[in-house]
Amino acid sequence: MAELFGFKFGRTTDTKSQEKFTVPANEDGTVEIAGGGFFGQVLDTDGRERSEVDLIRRYREISQQPECDSAIEDIVNEAIVSNEKDMAVAIELDRLDYPKSIKNKIRAEFDTIMALLDFDVKGHDIFRRWYIDGRIFYHKVIDKKNPKKGIVEVRYIDPRKIRKVRQVDKDKKPGTSLDMVVGVTDYFIYNDKGLNSGQISEGVKIADDSITYVPSGLIDQNKGHVLSHLQKAIKPVNQLRMIEDSVVIYRISRAPERRIFYIDVGNLPKAKAEQYLKDVMNRYRNKLVYDSSSGEIRDDRNHMSMLEDFWLPRREGGRGTEITTLAGGSNLGEIEDIKYFQNKLYRSLNVPISRMEAESGFSLGRSTEITRDELKFSKFVQRLRKRFTPIFTDMLKAQLILKGIITLEDWDKMKEHIQYDFLQDGHFAELKKAELLQDRLNALQTIESYIGTFYSKEWVQKNVLNMTDAERDNMQDQINKEAGLDVDDGGIDMPDATDGITRYPQDATGGFISPDDLEGSDGVNNKGEDDGGN
């Protein structure tokens, strides 16, 4: 195979002795190709979409529908929260069993990734783009002359121009007819003109480590295509558009009150009766108007009235000439059918219908009063966040390996222990946070007398107060600073600069431990020597 563009991390694992007759599971829409370099794909949804490129175009089109756009905005605003003070996403390394120095470096590189993405400003747009298209691609640009710099730039790639493919090499097992998989190579195909043709020979082959690819997680199990979360909304949006158009047409056509002219034609023959009827119609239509601005007589013909009115001949013996009125539509104000399809659209996007109803106001009560629909919506948003976080994980992996902070083998061990904390939104989150803090303080008050005997201070901070490693470190630094201790030396007693008083370490309750207490209570003197001689 030709050399791939970009960079790729090498692995030293020997897999030649492993016999495999299956290819890796298609969990991200990767197209499997043969050695010839061609692949074909056909996707037919509602008889219009013939490829994933057409499907992406349809997703973007229906996202412009006002009701669909309102639901998308509600989902994105719930998932990505931005304010003036805090970052939308923070990294959590509590489950990572590595030294504190490594964790600090990982946090610093994560901040670099967020700066490259400009996530504080563009986070909403990035998540919305991923949600609508069902996938997102970024090109990780590095300096090949100095890879130690890490990622220097990330560039967005239109998903209509790139596709992930998998080249599978197979060989017959000796003595059998079974095809064994001897090699699997994943890479991306990029074509600036799009990939409608499906020919790999027309695109540039890019190494998979050079591209950050995050699919939606929804896969058509029959055809292996990546779907967007808007897939379920295609039909409701089309139905809503049709019913809105039909209602508008019906109201325009049935709104005016039409007149019905019954013209008495007596015993006139058919031809003369028709001519007489036309003469009456022309006399009604022709209207001479004096134009005061020009001083001329103008023929003002009202053609619309001719189209809206009905003219019917009536024979002798009838009731003579008569003019009646045909009433307009009586149910022009009914929109129950439109509301039905609107609710169907919201349900297809997993958005609570109560959020879209202007009549239902927002009720801020206790967190235990949350409705079932809101709880389901909250869990749906959490799943979306989990599916979106590989955009950070993949870039962080490249950044840490390129800078030599960790090895590729280290990453395989630590990647499952890296978590992300998304900023929560609104008064409900604040209310829930206040209630949780109150419950934790009550539990802390109950367990306080057991600290130092059955429970350690660190265990209480981690399991009762739910403090992370970073929060515990920051809190201890603040406590030491407020107590007059030197933060840099870990809180060792140092003379105060203002009053000359020597400060000693703190106990579990936050009070200072005197030298007498250090020596008399636990058998350890102020020099750190055990009284028992050990």
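Predicted model: local features only at pLDDT ≥ 70, side-chain atom pairs only at ≥ 80, totals over all residues.
Residues are numbered from 1 along each chain as its sequence is written, and side-chain values use heavy atoms, with hydrogens and water left out.

**Overall count.** I got 15 helices and 16 strands for the chain; these are DSSP runs numbered from the N terminus, helices being H or I with at least four residues and strands E with at least two. Of the 534 residues, 36% are buried (under 20% relative accessible area; exposed is over 50%, partly exposed in between, with a 1.4 Å probe and protein chains only).

**Aromatic rings.** I searched the whole structure and came away with 16 aromatic pairs. For the record, rings of Phe, Tyr and Trp (its six-membered ring) pair if their centres lie within 6.5 Å; planes under 30 degrees apart are stacked, over 60 edge-to-face, and the rest tilted. Phe110 and Phe392 have ring centres 6.0 Å apart and planes at 75°, so I logged them as edge-to-face. Phe110 sits in helix α3 (residues 100-117) and Phe392 in helix α10 (residues 390-402), so this pair ties together parts 282 residues apart in sequence. Both Phe110 and Phe392 are buried.

I then looked at Tyr340 and Phe341: centres are 5.1 Å apart and planes at 75°, so that pair is edge-to-face too. Tyr340 is partly exposed at 47% relative accessible area, whereas Phe341 is buried at 17%.

Back at Phe110, I followed the ring pairs and found a cluster linking Phe110, Phe119, Phe127, Trp130, Phe388, Phe392 and Tyr420.

I also checked for charges over rings (NZ of Lys or CZ of Arg within 6 Å of the ring centre and within 35 degrees of the ring normal). The charged end of Arg129 sits over the ring of Tyr156, 4.1 Å from its centre.

**The sheet.** I traced an open sheet of three strands in the order β4-β3-β8, paired antiparallel; strands pair if DSSP finds at least two bridges between them. At the edges are β4 (151-157) and β8 (211-215), each pairing on one side only. From one strand to the next the twist averages 20°. Strand β3 (residues 135-142) is joined to β8 by five bridges, and His139 has Ile211 in β8 as its bridge partner. Helix α3 lies across β3 and β4, at about 45° to β4 (axes are lines fitted to C-alpha atoms, for helices over the stretch in contact, with angles from 0 to 180 degrees between N-to-C directions).

**Loops.** Ile406 is in the loop between α10 and α11 (408-414), and at 5% relative accessibility it counts as buried. Leaving aside neighbours within four places in sequence, I found Ile406 in contact with Leu400, Ile401, Trp411 and Met414. Ile406 and Ile102 are 304 residues apart in sequence but 8.8 Å apart C-alpha to C-alpha.

Last, I looked up positive phi. Asp118, in the loop between α3 and α4 (119-133), has phi of about 55° although it is not a glycine. Asn466, in the loop between α13 (457-463) and α14 (469-482), has phi near 55°. Asp118 is partly exposed at 31% relative accessibility, and Asn466 is partly exposed at 44%.

Terms used:
Contact = heavy atoms within 4.5 Å.
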